[in-house]
Amino acid sequence: MTIKFGTDGWRGIIAQDFTFDNVRYCAQGVSRYLLEQGLAQRGLVVGYDTRFASEDFAMAVAEVAVGNGVSTYLCQQPAPTPVLSYNVLHHKAGGGAMVTASHNPARWNGFKYKPEYAGSASPEVVAALEQHIGVVSAENSVKSTSWAKALEQGVGKFIHPASPYLSHVARMVDMQAIKDAGLRVVVDPMYGTGIGYLPSLLRGGSIDVQEIHGERNPIFPGMSQPEPVAHNLVDLSKAVLEQNADVGLALDADADRFGLVDEKGNFITPLQVFALLALYLLETKGERGALVKSLTATSMVFRLGELFDVPVHETPVGFKYVGSTMMGENALIGGEESGGFGFRGHIPERDGVLSGLFLLDMIVQTGKKPSELVEYLYSRVGPH
């Protein structure tokens, strides 16, 4: 079969398309690309999600990379995609490979590649990868070395990816103010890689954080797919009401997308969340910079650009376009209609965990409940 990357990586049905052979072809193609670009010695960070056998597929990727002489950092536990991406920067690596199908149904898995700038692969990088993968799959020319041997030789290394990431995002907001605000928060990581991230960041102080669906379950029971949209967040809405919580925060299976439920148990749409996050950065934090939206994202962003006298750039659908424009314009925020938001000073990549922290900070700094924030947003931009 021909392996083609979509808006962010290649995805296939496990055992039908997403096989160990095809994953090894992807890894061999990535290794050839790194060698061609002179990035092999900087290394490859390999991560994986909580889907069926993801850790085994990730091990296959790592063994192919080290078999090609590429220094490889293998995550020792499941990690969100933005955490994998941040570790590319932290380790100054040449790139990152992430085994995940993001929000696809349970039968699926996938392979994402993150270049050295730690965002979605550009169309140019994708084209080069697909060409290399096509050649190695046609020739069945895969090199591989056992991970045990790679560890002995020092070309392979296990890493704990959470620590550097958590330290970084904790510096981007006033964590103590959030912890001391007395909020009741319910988090739904949807059985995915975001399990434990927000609770560990928020632990301490007067905040009360409860997590539902906080254990690994590759079947994602009760969900059509692990995507933070209204019909998949019924349990979160119920939990917010039952616990009299101030807000519900949701992450998709690889935690690069974010969903929000208000204190009344109502789902706040990704279009509203995008505008709220832009308003938070521009007004609450007083920052200035370009705003980047995908074609199908909210026109409220154009109105905010007018109100705060900042440029707005519109891109085709796909965060690979949003992220590249963010980098080119040093943009304040970039967002898309599906709940993926990226921020300046972090990585040019969607991050559900940081989106959740920023929303909590907005609640604390403004003293407004989530439903009141939406009302305030519309008082600024008009009805949409």
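These legends walk through several close-up views of a predicted model. Because the model is predicted, local features are taken at pLDDT of at least 70 and side-chain atom pairs at pLDDT 80 or more, while totals for chains, interfaces and linings use all residues. Numbering starts from 1 along each chain as its sequence is written, and side-chain values use heavy atoms, with hydrogens and water left out.

View A. Helices (H or I, at least four residues) and strands (E, at least two) are DSSP runs, numbered from the N terminus, and two strands pair if DSSP finds at least two bridges between them. Angles run from 0 to 180 degrees between N-to-C directions, with axes being lines fitted to C-alpha atoms, for helices over the stretch in contact. β1 runs antiparallel to β5 (residues 108-115), joined by 4 bridges, and G12 has N109 as its bridge partner in β5.

View B. L84 is found in helix α3 (residues 81-90). With a relative accessible area of 0%, L84 is buried; the cut-offs are under 20% for buried, over 50% for exposed, and in between for partly exposed (1.4 Å probe, protein chains only). Leaving out residues up to four places away in sequence, L84 touches V45, V46, G47, G96, A97, M98 and K114, where contact means heavy atoms within 4.5 Å. P161 is 77 residues from L84 in sequence, but their C-alpha atoms are 7.0 Å apart in space.

View C. Strand β9 (residues 247-251) has 5 of its 5 residues buried, so it is largely enclosed by the rest of the structure. Both of its faces are covered, with V247, L249 and L251 on one side and G248 and A250 on the other. β7 (residues 184-188) runs parallel to β9 through 4 bridges, and V186 stands opposite G248. With β10 (residues 258-261), β9 pairs in the antiparallel sense, again over 4 bridges. L251 has F258 as its bridge partner in β10. β9 and β10 form a hairpin with 6 residues between them, and A255 in the turn has a positive phi of about 60°.

View D. G196 lies in the loop between β7 and α8 (197-202). Its relative accessible area of 24% makes G196 partly exposed. G196 and E215 are 19 residues apart in sequence, and 9.2 Å apart C-alpha to C-alpha.

**View E. The four-stranded sheet, with β12 inside.** This open sheet of 4 strands has mixed pairing and the order β13-β12-β14-β15. β13 (312-315) and β15 are the edge strands, each pairing on one side only. Neighbouring strands are turned by 15° against each other on average, direction ignored. β12 (residues 291-294) runs parallel to β14 (residues 333-335), joined by 3 bridges, and pairs in the parallel sense with β13 over 4 bridges. K293 has a bridge partner in each: G335 in β14 and E314 in β13. Both faces of β12 are covered, with L291 and K293 buried on one side and V292 and S294 on the other.

**View F. R350 and its two aspartates.** R350 lies in the loop between β15 (341-343) and α13 (352-366). R350 is buried, at a relative accessible area of 4%. Its side chain makes a polar contact of 2.7 Å with that of D8 and another of 3.3 Å with that of D256. A polar contact is a pair of N or O atoms within 3.5 Å; within protein, one must be able to donate a hydrogen and the other to accept it, and residues adjacent in sequence count only if both atoms are side-chain atoms. Beyond neighbours within four places in sequence, the contacts of R350 include P82, K112, F319 and E336.

**View G. Helices α10 and α14 crossing.** Helix α10 (residues 270-284) packs against helix α14 (residues 370-381) at an angle of about 75°, with their axes 10 Å apart. The two are therefore roughly perpendicular (65 to 115 degrees; under 35 is roughly parallel, over 145 roughly antiparallel and the rest oblique). Q272, A275, L276, L279 and E283 make the contact from α10, and L373, V374, Y376, L377, Y378 and R380 from α14.
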